[in-house]
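Let's take a walk through a protein together. Have the sequence and the 3D view ready, and follow along as we go from the overall layout to the details.

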Amino acid sequence: MKTAVVYYSCDGNCALVAEQIKALLNADLIRLQTKNEKKRSGFAKYFWGGSQVVMHKKPALKPYVFDAAAYDLIIIGAPVWAASPAPPLETFLSETKISGKKLALFLCHAGGKGKAMDKLKLLLAGNTVATETDFVNPAGDIQELKRKIEEWLKPLGA
Ligand SMILES: Cc1cc2nc3c(=O)[nH]c(=O)nc-3n(C[C@H](O)[C@H](O)[C@H](O)COP(=O)(O)O)c2cc1C
């Protein structure tokens, strides 16, 4: 099964999950990055990110290569920002058509995902979500992360 993981990660949590999936499934990784991926920290990071969500912004992305037709399974991951999938992921989905595909979805958050998964699924209407999960800042315990990823991907027979 040819698998891609398309993800955005600001602080490294979704990137860590993506790397673990790559190790497990030999998946291709497509890491989305905003054009002005400045290293913001503290208040500036939350202010910028939160305002992107509130103002329904779609921040421009650096060029990436992704052909949905080349994959049997597409795994999509994003951090939760203000109870929504981070806007860079929305940019990607607004400019790259994915339809009729088998998907697995994940979110990373700090304990308050709100309706972010429902919002992500709405952006991906027209596909089949085979399995979904979320991780609370998963960097602390890699063994637990691996276990959770395997459990999440079990419905795929992976
Ligand atoms: C702008 C911004 C908004 C956030 N909003 C939320 C939120 O609404 N709920 C939550 O649980 N965590 C929130 N977080 C925390 C991140 O979702 C969490 O740290 C996640 O693991 C980050 O993933 P990443 O390291 O791949 O960027 C927010 C973080 C940022 C930067």
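This is a predicted model: local features need pLDDT of at least 70, side-chain atom pairs count only at pLDDT 80 or more; totals for chains, interfaces and linings use all residues.

## Overall layout

The chain contains five helices and six strands; these are DSSP runs numbered from the N terminus, with helices being H or I of at least four residues and strands being E of at least two.

Residues are numbered from 1 along each chain as its sequence is written.

## Inside the chain

Of the 158 residues, 32% count as buried (20 or more other C-beta atoms within 10 Å of the residue's own, with C-beta atoms placed from the backbone; 12 or fewer means exposed, and in between is partly exposed). Among contacts with a separation of 6 or more, 81% join residues 24 or more positions apart; a contact means C-beta atoms, placed from the backbone, within 7 Å.

The largest nonpolar core has 36 residues, and V5, V6, Y7 and I75 touch the most other members. (Such a core is a set of buried Ala, Val, Leu, Ile, Met, Phe, Trp, Tyr and Cys residues joined through C-beta atoms within 7 Å.) β3 gives the most to this core, with seven residues. Leaving out residues up to four places away in sequence, Y7 touches C14, A18, R31, L32, I76, G77 and A78.

## A look at α3

Which residues of α3 are buried? They are P87, P88, L89, E90, T91 and F92. The buried residues of this helix pack against β1, β2, α2, β3, β4 (84-85) and α4.

## Around the ligand

Of the 23 residues around the ligand, D11, N13, C14, G49 and P79 come nearest (near means a C-beta atom, placed from the backbone, within 6 Å). Two or more residues of this shell come from each of α1 (13-25), α2 (42-54), β3 (73-81) and β5 (102-109). The largest share, four residues, belongs to α2.

How values were computed: Two residues are in contact if their C-beta atoms, placed from the backbone, lie within 7 Å.
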